[in-house]
Amino acid sequence: MPDIIKLLPDSVANQIAAGEVIQRPASAVKELLENAVDAGSDDVQLIIKDAGRTLIQVVDNGCGMSVTDARMSFERHATSKINAAKDLFAIRTLGFRGEALASIAAIAQIEMKTKRVEDEVGTKLLIEGSKFKDQSPCTTTDGTSISVKNLFFNVPARRNFLKSNTAELRHVTEEFLRMAMVNPEVTLSMYANDKLIYKLKKSGLKERIVAIYGNNYKERLVPVEQESSIINIKGFIGKPEYARKTRGEQYFFVNNRFIKHPYLHHSIDQAYQELLPSDTFPSYFIYIETEADRIDINIHPTKTEVNFQDQQHIYAILKSAVRQALGKFNISPAIDFDVEQSINFMPPDKNAPIRNPFDTQSSDYNPFENQDGISYKKPETEREKSNREHWEMLFDKNADLPPPQAGSTQTGIAVEAGHAASGTFQFGKYIVAGSSNGILLIDRKRAHERILYDGFMAQLQSDTTSSQQELFPQQVSFPLSDAEIVRELKPDLELLGFNINDLGKNNFVVSGVPAGTMNKNIKDLLEKILENYKKNLLDLSQDARANLARAMAVNMAVKSDKQMGIEELEGLVSQLFSSSVPETSPSGKLIMRVLKQENIEKLFNK
Ligand code: ADP
Ligand code: MG
């Protein structure tokens, strides 16, 4: 094999900003690991001492270098990764600039050993602060080992600028993990101060993520996949119920490079909206593939920021991909976390009058009449339509089955057979509904929160005042800061049915309240709403209205200990299933679980 390294033309060399390639140990780690992977290695070790201050070593089993290439590789603008003018564009997008080794060699002491398969012996090279010290034959295994010692030994200012060892090691680890996440097919190990920190065997992508974050991630991840003419998206997102209290496991990779992209991040946030409690963050590992000429990576010297053409399209595609993935895998989170449950409800009793639970137009049945008197009608969204059809489909599918017999062992749980809507009943704070393949458990209060929330949102968006009950005017006062919030929210509160007059300072008069809140203490209710509202404010992704609707829903939902009749329960279930997100409450809590028949059977295995 001939020598393969060529010098970039001067014009190009100048075109490429010199940039500050190496800012800290982690930057050197990134460059060395990239080179190792580029060299076709499938086993790479990273060895770190003192967070990279005294030693960064990368050992790979890749293609190695010839004696001449080994020497050439440290020249500025020396690269084997482009060889024709037409590839110059790829320099910008892929980041090949032939600068990394030269930059590292300028600020450290380097020892490199390298050998190609076809060579008898390897070559060993010593360089210090860009000065060539020695090159000699050596015995070494196929591939390359580069040791970078005493980083910044000749740049004290830089050295002093470094953070604590803990902080620097964290940066190093982060680079290592980013590398690991785009190269699952490479075995990667990391040692710090002689201790093995990671050993990641070559695997598939999901296994790699699980290997990094732990076995319990197996059930936390949901695949995302979306192809389009502009971009392809794949990867994994975390189920909402496992969202974390800290940001962190949020990764975008574009053409296999880690990037930061606040705009696309926002798109994922939006997709999760209403599924997460306000102070938690979803995990995501999103891999975007797109043609090189649709992106410009070089807007930032460390190459973690990119500009897309079609930014807005990509935003929309990503959001819908994530939303779809969430919908598909979250529609009824099962207790054993098996993917995709179908909810096979039992047929209603043949003799019972069948009420279409979704016909909100013609039915004046209101499940909450007896207690709160609140129901809302609003135009159906796409999501609601699909929920409803899903639900109806399940009814239809079962409608022709012979009714299960009481106590039948064949259907396992058909104990309540013969009762309309499969014997729905209340068990403490839950609604229990039988199905032919399991038992559906619904948290009643959360379900009600979801229904109320949807209603409030519809009300707020319709810009017409909701049904209102007049009240003997009551004066209420708040602390000044709260009074400001009340003033801010007043227009929206009025859309929801409150009638509030501002008396100035911290005093108000309330002379109307939303239907259903009659028997509540008004000041109490408003205070609780404010309290929730303020808590939610910290979550910037929620808009003020969603925030208010959520605060109202939480405070007005049926109390957990309230007894409800069968009709009310069934009405609640059907309203839930025509709501926008039947699976989670507006605060992101789980509404329903399926206890599968086979798991119930397991309970009786002994
Ligand atoms: P670039 O990666 O942008 O080409 P570098 O300065 O990182 O620039 O590396 C220069 C050249 O040295 C590479 O193009 C490659 O030919 C060679 N090289 C660097 N590291 C390795 C390695 N671990 N194994 C084989 N070749 C390498
Ligand atoms: Mg490189």
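**Helix packing and the ligand shell**

Modeller: The axes of helix α12 (residues 444-462) and helix α16 (residues 566-577) come within 9 Å and cross at roughly 55°. This is a predicted model, in which local features need pLDDT of at least 70 and side-chain atom pairs count only at pLDDT 80 or more, while totals for chains, interfaces and linings use all residues. Residues are numbered from 1 along each chain as its sequence is written, chains are lettered from A and ligands numbered from 1 in the order in which they are written, and side-chain values use heavy atoms, with hydrogens and water left out.

Biologist: Is α12 parallel or oblique to α16?

Modeller: Axes are lines fitted to C-alpha atoms, for helices over the stretch in contact, and angles run from 0 to 180 degrees between N-to-C directions. Angles under 35 degrees count as roughly parallel, over 145 as roughly antiparallel, 65 to 115 as roughly perpendicular and the rest as oblique. With a crossing of roughly 55°, α12 is therefore to α16 oblique.

Biologist: At what angle do α12 and α15 pack?

Modeller: Helix α15 spans residues 544-556, and its axis and that of α12 are 8 Å apart. The two helices pack at an angle of about 140°.

Biologist: What does that angle make α12 relative to α15?

Modeller: The angle between α12 and α15 is about 140°. That makes α12, relative to α15, oblique.

Biologist: At what angle do the axes of α2 and α7 cross?

Modeller: Helix α7 covers residues 165-182, and its axis comes within 8 Å of that of α2. The two are therefore roughly parallel to each other. Their axes cross at roughly 20°.

Biologist: Which elements each supply at least two residues of the shell around ligand 1?

Modeller: Helices (H or I, at least four residues) and strands (E, at least two) are DSSP runs, numbered from the N terminus. Those that each supply at least two shell residues are α2 (25-38), β4 (78-79) and α5 (100-106).

Biologist: How far from an oxygen atom of ligand 1 does a polar side-chain atom of Asn 35 lie?

Modeller: Asn 35 is among the residues that come nearest to ligand 1. Its polar side-chain atom lies from an oxygen atom of the ligand at 2.7 Å.

Methods:
Near = heavy atom within 4 Å. Polar contact = N/O pair within 3.5 Å; in protein donor to acceptor, adjacent residues only side chain to side chain.
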